[in-house]
Amino acid sequence: MGIAGIGMSGLARWAYADGLQVSGCDVSASAAVDSLQACGIPVSIGHDPSHLDSVSNDTPVDTLVCSMA
């Protein structure tokens with residue numbers, strides 16, 4: 001949650017490029033959200049605990065990365 005900040009978006013790109021399944025959400029649409037989505041990373045708008053129910057195709061979330069932000 002909060003994937004479009006400067007730190008988390010970089011980490012998301014790195015993990016995705018390394019072959020990990022990555023998704024996230026952010027409070028509002030932005031150029032950073034658009035950029036992540038263009039790379040193939042799913043980003044939901046708004047924060048909701050239900051985003052942790054599955055990444056996509058009913059794949060359960062097994063890791064939540066937190067930052068100091």
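Some ground rules come with the model: because it is predicted, local features need pLDDT of at least 70, side-chain atom pairs count only at pLDDT 80 or more, and totals for chains, interfaces and linings use all residues. Residues are numbered from 1 along each chain as its sequence is written, and side-chain values rest on heavy atoms, with hydrogens and water left out.

To begin with the overall layout, the protein contains 2 helices and 2 strands, where helices (H or I, at least four residues) and strands (E, at least two) are DSSP runs numbered from the N terminus. Read from the N terminus on, these elements follow the order α-β-α-β. The C-alpha trace spans about 25 × 25 × 25 Å along its principal axes. For 69 residues, a compact globule would have a radius of gyration near 11 Å, and the protein's 11 Å agrees with that; the radius is taken over C-alpha atoms, and the globule rule is 2.2 Å times the number of residues to the power 0.38.

Of the 69 residues, 23% count as buried. Here buried means under 20% relative accessible area, exposed means over 50%, and partly exposed is in between (1.4 Å probe, protein chains only).

What makes up the largest nonpolar core? It has 9 residues, namely Ile 3, Ala 4, Ala 12, Ala 15, Val 22, Val 33, Leu 36, Ile 41 and Val 43. A core of this kind is a set of buried Ala, Val, Leu, Ile, Met, Phe, Trp, Tyr and Cys residues joined through side-chain atoms within 4.5 Å. Helix H1 (6–17) and helix H2 (31–38) each bring at least two residues to this core. Ala 12, one of its members, is in contact with Ile 3, Val 22, Leu 36 and Ile 41, leaving aside neighbours within four places in sequence.

Ser 9 is also part of helix H1. Ser 9 counts as buried because its relative accessibility is 10%. Residues up to four places away in sequence aside, Ser 9 touches Ile 3, Ala 4 and Leu 36. Ala 31, in helix H2, is exposed, since its relative accessible area is 62%. Between the C-alpha atoms of Ala 31 and His 47, 16 residues apart along the chain, the separation is 18 Å.

That leaves the cysteines. The structure holds 0 disulfides, a disulfide being a pair of cysteine sulfur atoms within 2.5 Å. For Cys 25, which is in no disulfide, the nearest cysteine sulfur belongs to Cys 66 and is 12 Å away. Cys 25 counts as buried, at 1% relative accessibility. Cys 39 is in no disulfide either, and the nearest cysteine sulfur, that of Cys 25, is 18 Å away. With a relative accessible area of 37%, Cys 39 is partly exposed. Cys 39 sits in the loop between H2 and strand E2 (43–45), and touches Arg 13 and Tyr 16, not counting residues up to four places away in sequence. Cys 39 and Cys 66 are 27 residues apart in sequence and, C-alpha to C-alpha, 22 Å apart in space.

Key: Contact means heavy atoms within 4.5 Å.
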